[in-house]
Amino acid sequence: MTLLSDMASCNSHGQDSSYFLGWQEYEKNPYDEIQNPKGIIQMGLAENQLSFDLLESWLAQNPDAAGFKRNGESIFRELALFQDYHGLPDFKNALVQFMSEIRGNKVTFNPNKLVLTAGATSANETLMFCLANPGDAFLLPTPYYPGFDRDLKWRTGAEIVPIQCTSSNGFRITQSALEESYKLAKTRNLRVKGVLVTNPSNPLGTTLTRNELELLVSFVAEKGIHLISDEIYSGTVFNSPKFVSVMEVLIENNYMYTEVWDRVHIVYSLSKDLGLPGFRIGAIYSNDAVIVSAATKMSSFGLISSQTQYLLSAMLADKKFTKKYISENQKRLKKRHAMLVKGLESSGISCLESNAGLFCWVDMRHLLKTNTFEAEIELWKKIVYEVRLNISPGSSCHCTEPGWFRACFANMSEDTLNLAIQRIKSFVDSSDVIGINVDQSNQTNQNTSTSPKKKLFAKWGFRLSFNDRER
C-alpha cells in the first residue's frame, strides 16, 4: 500500500519532454559572455527583458511606491497585514485601465468582473476548475503553448483535444478544423466544455484575425460551450494588423444580451506585456457573476502579495509612463524580431510571418533528414548539444508538421542574439547538415519569408507534454 496520492506518484506533469530537457541542458552549461562564452544560449524562454530600463527609471523617479510609502509616510505595516482575496481596489482599477489602453481603449473592463491570480498559469487552471469536470474536454488549436498540458489537465483532470491547424494557410483556424476537433472529442466520449485560444499566439507570434474571432464566437454559440481567450501577449503586437480582443468582437456583434456574453472569458497577465513574470500578476475577466465568485474563492490558493499590488497600482496609474512604455516596448520588439528574421534568412531559414510575441516560429523543415518527428528531435539535439542553442521543437507544441521550432529573441542582449545567429549560420553552412529534397511548388509563400529550400509535408500525429517555466 502506497502512502502517496496518485497525483504525487504519477508522471503526468511532463518533466521528461523535450522542452524541459532543453532547459536542463541549458542549466548545466549556461552561456555567459565572460564566464562561459561557449555555453548554451537560452532561446527557449519567452521572457521580455528589452524594457527593464524604462521600469527601473520609473522606480527611481517614484521612491514612495518602491519604498511602500504614501505621501512620504510608510504604509509598510498596512501592507504587511492580511488582505482578503478580492485584491486592492486601486490595483484592480489600474489593471483594467491598462488592459483597455493596450486594446486602444476600444473596450472597457469592469474591475468587479476581474479576479486576481498568481500569474496566468493559475488563471487558466482556475478557469478549468470552474468550467470543466474531470474527463471534460477543451479544444485547442495547434500548435499551442506546451504548458497547457500541465495548466489545464494535470490537477483538474480535464482533457485537451487538438484543433489541427497547418502551414498551408499559416496555421489559421478554420470552420472545418473546429468541426473535426469537436467530432473527435465526441468519438472519444468526451464532453466538450469549450475552446481555448491564445491571442496573440504562443508559439506562432500571430494575432487572430477578426474573421477567426467571429468564427470562434459563432462556433461556441452554436455548440453551447465556453470560449477562453488567453490575451497575455496583447501588448506585444509590434506590426499590423493591430490586436483585436474577443471582447471587441462580442460588442460589435451585439452579443451583450445573449448567453454567449457570459460564456466568453479572458485571461491576462503582466508577465509579457510588462516583462514581470517574477511578480506573478495574472487575472481572469468574466461577465458571469457565478464564475467570478467561484474563481475569487479559489484564488485564495494563489494570491498576489499586497506589496506587489501597491507598487504596480502606482506604476499603472501613471498614464504618461504607460503610454511611453507601451509604445517604446513595441518598437524594441519590432527591431529585435526583424534582427532574428533577417539573420535566419541569411542562412536560408525562414519564419512564419508574425506581428507579435517574444519569439519566431522558425521553419527548419528543409534541414530534416526525413519528414518525421524522429528527425525533428535528432535535429533539435544537434542544435542543443552542438550549436549550443536551446530552442523549442514544434512537437513539444503539438505541431502537426515536423521541422518547426520556436526561437525566443527578447530575453537576451543584441550581442548574444547576434552570436546565436552566427552559430546557426555556421551550423547550416557545415557539411554535417544534410536536408531533405525540396519541392518549392508546395510552398506557402504568403505566410513565410522567402527561402530557397522549403517543402510542405502531410500531417503527422505526435504528442509531447512538458514542464513549463514561462508563465
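Modeller: Start with pairing: two strands pair if DSSP finds at least two bridges between them. Bear in mind that this is a predicted model.

Colleague: What makes E14 and E15 a pair?

Modeller: Strand E14 (residues 392–393) and E15 are joined by two bridges, in the antiparallel sense. The cut-off is at least two bridges, so the label holds. Ser-392 has Arg-406 in E15 as its bridge partner.

Colleague: Which strand runs antiparallel to E15 with five bridges?

Modeller: Strand E12 (residues 359–363) does, with five bridges to E15. At least two are needed, so E12 and E15 pair. Opposite Cys-360 stands Ala-407 in E15.

Colleague: In what order do the four strands of the open sheet come?

Modeller: The order is E11-E12-E15-E14, with antiparallel pairing. The edge strands are E11 (350–351) and E14, each of which pairs on one side only.

Colleague: How do you know that E11 belongs with E12?

Modeller: Two bridges join E11 and E12 in the antiparallel sense. The definition asks for at least two, so they pair. The partner of Ser-350 is Asp-363 in E12.

Colleague: Which helix packs on the sheet, touching E11, E12 and E15?

Modeller: Helix H14 (residues 319–345), whose direction makes about 15° with that of E12. Helix H15 (residues 373–387) also packs on the sheet, touching E14 and E15. The H15 direction makes about 30° with that of E15.

Colleague: How many residues of strand E15 are buried?

Modeller: Five of the five in E15 (residues 404–408). Trp-404, Arg-406 and Cys-408 are buried on one side, Phe-405 and Ala-407 on the other. Side chains in a regular strand alternate between the two faces of the sheet.

Colleague: Why is Pro-393 called buried?

Modeller: Buried means under 20% relative accessible area. Pro-393 has 0%, so the label applies. Pro-393 belongs to strand E14. Beyond four places in sequence, Pro-393 is in contact with Ser-18, Glu-376, Ile-377, Trp-380, Trp-404 and Phe-405. The C-alpha atoms of Pro-393 and Trp-404 are 6.4 Å apart, and eleven residues separate the two along the chain.

Colleague: Is Thr-121 buried or exposed?

Modeller: Thr-121 has a relative accessible area of 17%, so it counts as buried. The cut-off is under 20%. Thr-121 lies in helix H7 (residues 119–131).

Colleague: What makes the link between the side chains of Thr-121 and Arg-150 a polar contact?

Modeller: The contact is 3.3 Å. A polar contact needs N or O atoms within 3.5 Å, one able to donate a hydrogen and the other to accept it. The distance is inside that limit.

Colleague: Which strands pair with E8 in the parallel sense?

Modeller: Strand E7 (residues 192–198) pairs with E8 over five bridges. Strand E9 (residues 264–269) is joined to E8 by four. At least two are required, so both pairings qualify. Gly-194 stands opposite His-226 in E8. From E7 the chain crosses through helix H10 (residues 210–223) to E8, in a right-handed β-α-β crossover. Ile-228 has His-265 in E9 as its bridge partner. E8, helix H11 (residues 246–252) and E9 form a right-handed β-α-β unit.

Colleague: Which residues have the most contacts inside the largest nonpolar core?

Modeller: Leu-95, Leu-139, Val-195, Leu-227, Leu-270 and Leu-274, in a core of 74 residues. Helix H6 (residues 89–102) gives the largest share, seven residues. A second, separate core has 66 residues, including Phe-148, Ile-349, Leu-368 and Val-384.

Colleague: How do you know that Leu-95 counts as buried?

Modeller: The relative accessibility of Leu-95 is 1%, so it counts as buried. The limit is under 20%. Leu-95 lies in helix H6. Leaving aside neighbours within four places, Leu-95 is in contact with Leu-114, Leu-116, Tyr-268, Leu-270, Ala-283 and Leu-316. Leu-95 and Met-315 are 220 residues apart in sequence, with 10.0 Å from C-alpha to C-alpha.

Notes:
Residues numbered from 1 in each chain as written. Predicted model: local features only at pLDDT ≥ 70, side-chain atom pairs only at ≥ 80, totals over all residues. Heavy atoms only, no water. Buried < 20%, exposed > 50% of the residue type's maximum accessible area, 1.4 Å probe, protein only. Contact = heavy atoms within 4.5 Å. Core = buried A, V, L, I, M, F, W, Y, C linked by side-chain atoms within 4.5 Å. Right-handed = clockwise from strand over helix to strand, strands pointing away. Axes fitted to C-alpha atoms, helices over the stretch in contact; angles between N-to-C directions.
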